[in-house]
Amino acid sequence: MTGKGGSLKKMDQEVRTFSVTQYMRSLKNTVEATPAVWVHGVISQIAEKPSGVYLSIADFADGDVKPKATLALYCYTAKYDAILAKISSLSQPFTLKHDLKVNFLVRAELYIPYGKLQAQILDIDPVYTIGELALTKSAILKRLAMDGLLEKNKQLELADVPLRVGLITGENTAAYKDFTTRLEASPFAFEVTTVYARMQGNETEGSIIAALEQLQSDPNLDVVCIVRGGGAKTDLNFFDSEALCRAVANYPTPVFTGIGHEIDRCLLDEVAYLSCITPTDCAKRLVERVTDSWNRMTDAMSSIADGARDLLTESNKQLGTMGNQLQQKVFGLIQNEKSKHVLIAASIKKDTAFYIKSEHERLDRNHEGLKQGSRKILDLAKSQFELVTEKVKNADPKTTLAKGYSLTLDENGKFIRKASQLKSGDTIKTRLADGDILSVVQ
């Protein structure tokens, strides 16, 4: 037992132990002895706090949203401001945001109170990010081209007089004032329907797409304009959104952009019907379109008026010539008709005198014939009358009775022609030339 206890005591003296703090300080010294290195990845989280900015970058496998490895980073406010100033001074500035590929110079640190391994951002390699942004932008542009979206909105028919305008811009911005002021200064009655949207920051994509959907409910719009002021060049990155580009390319109405940069072009400019350098330029293009249509219309009206005047002048000349020709022709026809009428009148006068003379002679003959004929007719009629009188006299019953004949009548005065008409006891009347005799039949 004694030998065994002595062995345990010897082991306790040989084992060295550390407190948590001692151990974490030892690790901290070891970790922070590692030299600063460049580390690249995709920003998966970013948050600004009063004490500094906290970020996380990660590695992702293709097609997988779950990171393979994540590194927590922090940056003091002063250092972060210096990094932002460095980025903004570039010819192709960008914004540190979620999903952006970056390459940071970092130094590993260990935060003892939580035992948390983290790294401090010391610098950034903007060339790496610019290259990645260019590759991303180029890839998006290639996909849009392969899907036929770069020219789709440009192939729409823009109204000759686009007076009904849908406007997407920031609320209470100089872009809104510049655009509307330019339209109001024109002599045309533009009707502007405005939908406000976020024109910078991570909400740009969703906000503008929602505004496009809202304006699409108005089928009477001739054109939709997306405008913003100059702002920082880094804000252009938000207009390279593939979803936003596809929404504009597939939009059923022509879309104008006036993003506010004279040199740089974003992908949204590539798919729009027309890309303008500023909001004022965008409004100016609309005014020019309407002005051109107005000028064409007034030119057409003037051409029509001039043509009508020329036609009227020529027609008046033709009518004057035709009038003179018609007058001469009518005058000739009247003279011919007058001559015909004179000949006809002379012929009528001659024929009338002949007919009157002939009729007088015929009337004289008829008058004499009528005198002689009337006498002959009267004598003939007198002879015929005497003959008829004699026949009537001979047919008179009195004449017959005077010759010795008689007439027999019944009591009703009807002539009795047959004996069978009478019966015994009937009264009959016998009429003689000098009187009547009554008899009773037995």
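**Nonpolar core, surface patch and aromatic pairs**

In this predicted model, isoleucine 226 contacts Ile168, Met199, Ile208, Leu212, Val248, Val255, Phe256, Thr257, Gly258, Ile259 and Leu268, leaving aside residues up to four places away in sequence. Ile226 also belongs to the largest nonpolar core, which has 28 residues. Ile226 is among the core residues with the most contacts inside it, together with Ile168, Ile208, Leu212, Val224, Phe239 and Leu268. Two or more core residues come from each of α4 (126-146), α6 (204-216), β8 (223-227), α7 (242-249) and α8 (267-271). Helix α6 gives the largest share, five residues. In soluble globular proteins, nonpolar side chains tend to be buried together.

Phe18, Tyr23 and Leu27 make a nonpolar surface patch of about 300 Å². Phenylalanine 18 lies in the loop between α1 (2-14) and α2 (20-32).

Five aromatic pairs are present in the structure. In one of them, the ring centres of tyrosine 74 and tyrosine 76 are 5.4 Å apart. Their planes stand at 85°, over the 60 degrees required, so the pair is edge-to-face. Tyrosine 76, at 45% relative accessibility, is partly exposed. Ring pairs join Tyr74 and Tyr76 with Tyr54 in a cluster.

Note on methods
Residues numbered from 1 in each chain as written. Predicted model: local features only at pLDDT ≥ 70, side-chain atom pairs only at ≥ 80, totals over all residues. Heavy atoms only, no water. Core = buried A, V, L, I, M, F, W, Y, C linked by side-chain atoms within 4.5 Å. Buried < 20%, exposed > 50% of the residue type's maximum accessible area, 1.4 Å probe, protein only. Helix = DSSP H or I, 4+ residues; strand = E, 2+ residues; numbered from the N terminus. Contact = heavy atoms within 4.5 Å. Patch = residues over 30% accessible without salt bridge, like charges linked within 9 Å, V, L, I, M, F, W, Y side chains within 5 Å. Areas by Shrake-Rupley, 256 points an atom, 1.4 Å probe, with all protein chains shown as cover. Salt bridge = Lys/Arg side-chain N within 4 Å of Asp/Glu carboxyl O. Phe/Tyr/Trp six-rings, centres within 6.5 Å; stacked < 30°, edge-to-face > 60°.
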